[in-house]
Amino acid sequence: MIKKILFLTIFIVAIKTSAQELTFVIPDYKTIEKEIQDKNSSFYYPVLMERLVKNDTLLTHEDYRHLYFGYAFHPKYNAFWSSPEDEKLRTFYDKETLDTKDYDKIITLINNSLESFPFDLKQINYLSYIYHLKGDEDLAKKTSFKFDNIVGAILSSGDGKNCETGFHVLHIDHEYMLLNIFEIPSKGQALVGNCDYLSFEKGKYKVDGIYFNIEKMLENEAKMLK
């Protein structure tokens, strides 16, 4: 059910071949925090989030960068979040085929889940698929647009070649979702400084692994333990 998105080419070039240098912008969290709290800013967070929830396809790449990385400052941000509907949704994931009567149930469960964490890539992707099965291509495309742009925001934050330029993520599932999208299996995981390092099969790619910057996850963990 995991679809290949347009960022496939970017990721393959960056990770498999390293044939050319791709531009990326490491998130400036101080600036992002300031902008999303400024009511006069076009990136004012409550307005951006409202547009995201309404599936606004006019949101730009910079809007999505502020939405995703700005969520690190949201009171509801939990680096160890798990879906409150996970058990119920798993029954549908495990089905060989879905009944048409399942569609609305799944849509309701996923939307309930996204209320508590609007960047759950697995659920957003699945939601797009369910809308497609239901025949609602408009919502399928809008939800797919959301998925693509969240992934795009993550991929624009680094190149993954070392910890200093690791892809910035706010949840561990986002690391594995990116690898699943591009069918790159991880052979191991290790904490290196403020980064998760996911290793690949040695010698199969131009690099033996990829770095994900998890500094905001670590900060959130420390805050929760206080």
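This is a predicted model: local features need pLDDT of at least 70, side-chain atom pairs count only at pLDDT 80 or more; totals for chains, interfaces and linings use all residues.
1. Helix 4, which covers residues 61-70, packs on helix 8, residues 137-155, at an angle of about 75°, and the two axes are 9 Å apart. The two helices are therefore roughly perpendicular to each other. On the side of helix 4, the contact is made by His 61, Tyr 64, Arg 65, Tyr 68 and Phe 69, while helix 8 contributes Phe 145, Lys 146, Asn 149, Ile 150, Gly 152, Ala 153 and Ile 154. Sorted by class, the residues of this contact are 7 nonpolar, 3 polar and 2 charged.

2. Helix 4 also packs against helix 3, here at an angle of about 105° and with the axes 10 Å apart. Since angles of 65 to 115 degrees count as roughly perpendicular, helix 3 and helix 4 are therefore described in that way. The residues that meet are Tyr 45, Leu 48, Met 49, Arg 51 and Leu 52 in helix 3, and Asp 63, Tyr 64, His 66, Leu 67 and Gly 70 in helix 4. By class, the contact of helix 3 with helix 4 divides into 6 nonpolar, 2 polar and 2 charged residues.

3. Between helix 3 (45-53) and helix 4 there is a loop, and Asn 55 has its place in it.

4. One is formed by Tyr 68 and Phe 69, whose ring centres are 5.2 Å apart and whose planes stand at 80°, so that the pair is edge-to-face. Tyr 68 is buried, with a relative accessible area of 0%, and Phe 69 is likewise buried, at 0%.

5. Another pair brings together Tyr 71 and Phe 117, with ring centres 5.7 Å apart and planes at 50°, so this pair is tilted. Tyr 71 lies in the loop between helix 4 and helix 5 (86-93), and Phe 117 lies in the loop between helix 6 (102-116) and helix 7 (121-134), so the pair ties together parts that are 46 residues apart in sequence. Both Tyr 71 and Phe 117 are buried.

6. Ring pairs join these residues into a cluster, whose members are Tyr 29, Tyr 68, Phe 69, Tyr 71, Phe 73, Tyr 77, Trp 81, Phe 117 and Phe 119. Over the ring of Tyr 29 sits the charged end of Lys 216, at 4.6 Å from the ring centre. A further lysine, Lys 122, lies over the face of Tyr 93, 4.5 Å from the centre of that ring.

7. Tyr 93 is also among the contacts of Gln 123, a residue of helix 7. Is Gln 123 buried or exposed? At 2% relative accessibility, Gln 123 counts as buried. Apart from its neighbours within four places in sequence, Gln 123 is in contact with Ser 83, Leu 89, Tyr 93, Ile 110, Ser 113 and Leu 114. Leu 109 is 14 residues from Gln 123 in sequence, and their C-alpha atoms are 9.6 Å apart in space.

Note on methods:
Residues are numbered from 1 along each chain as its sequence is written. Side-chain values use heavy atoms; hydrogens and water are left out. Axes are lines fitted to C-alpha atoms, for helices over the stretch in contact, and angles run from 0 to 180 degrees between N-to-C directions. Helices (H or I, at least four residues) and strands (E, at least two) are DSSP runs, numbered from the N terminus. Angles under 35 degrees count as roughly parallel, over 145 as roughly antiparallel, 65 to 115 as roughly perpendicular and the rest as oblique. Contact means heavy atoms within 4.5 Å. Ala, Val, Leu, Ile, Met, Phe, Trp, Tyr, Cys and Pro count as nonpolar, Asp, Glu, Lys and Arg as charged, and the others, Gly among them, as polar. Rings of Phe, Tyr and Trp (its six-membered ring) pair if their centres lie within 6.5 Å; planes under 30 degrees apart count as stacked, over 60 as edge-to-face and the rest as tilted. Buried means under 20% relative accessible area, exposed over 50%, partly exposed in between (1.4 Å probe, protein chains only). A charge sits over a ring if NZ of Lys or CZ of Arg is within 6 Å of the ring centre and within 35 degrees of the ring normal.
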